Amino acid sequence: MTERPIRVAIVDDQELIRTGFALILNTAAGDRGFEVVGQAGDGQEALDLLASLEAEGRVPDVVLMDVRMPGMNGIEATGLVARRFPGVRVIVLTTFDLDEYAVEAIEAGASGFLLKDARAAELVAAVRAVADGDAVMAPSVTQRLLVRLAESRPVNGRDGRDGTAADGAGGASGTDPAARGSVVLEELTDREQEVFGLIAEGLSNAEIGERLFLSESTVKTHVGRVLTKLGLRDRVHAVILAYEAGLR
């Protein structure tokens, strides 16, 4: 049975950009294609679109979300998408590699951060990765962005979407990073701790598999368990938690 295409919604206030992204995705080669199920020009339009698509049973797997838009911007929209449509993943798009708005959007629950000048192949790969439950970050900003996110977080944990504490990840209190790190690691088996450490280094599933001599499918299973046990939305927030807990 052929797997259905990855459903994508594109949110940007510039029609030309929306059209360009749709063209790239609709013509992308690969075993699993894409279906652009809708476009919106601002955050409120995006939420209305998702509600309509949900009613039709065609909710997107991934939303490409611009940050700076009139009306409801990408930050607020991302947070609302994360809460109202938990199965939908958001990739934040921005022109600036250190856009403060993009930092806030990642904190709100986005699963990725991509610059608008990314190559077509990078966009396609990013959407596929996020649809598969992975997360993506623009290489030029990954380390700086994660450090800034970690520094901006409160002492206690959060659930990776709206800043509330999560069971496991949010159980450590106080300002001692070692204590927080100990509580985080107690939630995980030895193998899961190894995987978590490599996620925190920014390694992909394939790279983790090579490091630990595991198949990529086995790594994916371990990653899923780590995220579930720590109450995290995706890998981006696993890395953030590692910084918060003093494990990076």
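1. Helix α11 (residues 235-244) has 10 of its 10 residues buried, so it is largely enclosed by the rest of the structure. Buried means under 20% relative accessible area, exposed means over 50%, and partly exposed lies in between (1.4 Å probe, protein chains only). The buried residues of α11 are R235, V236, H237, A238, V239, I240, L241, A242, Y243 and E244. Helices (H or I, at least four residues) and strands (E, at least two) are DSSP runs, numbered from the N terminus.

2. A word on the source. This is a predicted model, in which local features need pLDDT of at least 70 and side-chain atom pairs count only at pLDDT 80 or more, while totals for chains, interfaces and linings use all residues. Residues are numbered from 1 along each chain as its sequence is written, and side-chain values use heavy atoms, with hydrogens and water left out.

3. Within helix α11, V239 has a relative accessible area of 7% and is therefore buried. V239 and G202 are 37 residues apart in sequence, yet their C-alpha atoms are 7.5 Å apart in space. Just after α11, G246 has a positive phi of about 75°.

4. The chain as a whole has 11 helices and 6 strands. Of its 248 residues, 51% count as buried. Among contacts with a separation of 6 or more, 68% join residues 24 or more positions apart. Contact here means heavy atoms within 4.5 Å.

5. Helix α3 (residues 74-84) is mostly covered, with 8 of its 11 residues buried. These are G74, I75, A77, T78, G79, L80, V81 and A82.

6. Which residue does UniProt list for "modified residue: 4-aspartylphosphate"? The record, an unreviewed entry, lists D66. UniProt positions are given in the numbering used here, feature names are shortened, and annotations may be inferred rather than shown by experiment. In the model, D66 lies in strand β3 (residues 62-66). Its relative accessible area is 4%, so D66 is buried. Not counting residues up to four places away in sequence, D66 touches V11, D12, D13, G74, L93 and K116.

7. D12, one of the residues that D66 touches, sits in the loop between β1 (6-11) and α1. Is D12 buried or exposed? At 0% relative accessibility, D12 counts as buried. The side chain of D12 reaches the backbone nitrogen of Q14 at 2.8 Å. Leaving out residues up to four places away in sequence, D12 touches I17, R18, A40, G41, D66, M69 and K116.

8. R32 is found in the loop between α1 (15-26) and β2 (34-40). Its relative accessible area is 16%, so R32 is buried. A polar atom of the R32 side chain lies 2.9 Å from the backbone oxygen of R4. The residues that R32 touches, not counting those up to four places away in sequence, are E3, R4, P5, I6, D61, R128 and D132.

9. The second largest pocket holds about 270 Å³ of space. Of the 16 residues that line this pocket, D132, G133, D134, N205 and K220 are the closest to its centre. The elements that give two or more residues to the lining are α5 (120-131), α9 (205-212) and α10 (216-230). The largest share, 6 residues, comes from α10. By class, the lining has 4 nonpolar, 5 polar and 7 charged residues.

10. The terms of the previous point are as follows. On a 1 Å grid over the protein atoms alone, a pocket is an open set of points with protein on both sides within 12 Å along at least five of seven lines, and lining residues have an atom within 4 Å of a point. Grid points are joined across faces, edges and corners, and a volume is the space filled by probe spheres set on the points. Ala, Val, Leu, Ile, Met, Phe, Trp, Tyr, Cys and Pro count as nonpolar, Asp, Glu, Lys and Arg as charged, and the others, Gly among them, as polar.

11. F213 is in the loop between α9 and α10. At 77% relative accessibility, F213 counts as exposed. Its phi is near 60°, a positive value in a residue other than glycine.

Conventions: On a 1 Å grid over the protein atoms alone, a cavity is a set of points where a 1.4 Å probe fits but cannot get out, and a pocket is an open set with protein on both sides within 12 Å along at least five of seven lines; lining residues have an atom within 4 Å of a point. A polar contact is a pair of N or O atoms within 3.5 Å; within protein, one must be able to donate a hydrogen and the other to accept it, and residues adjacent in sequence count only if both atoms are side-chain atoms.
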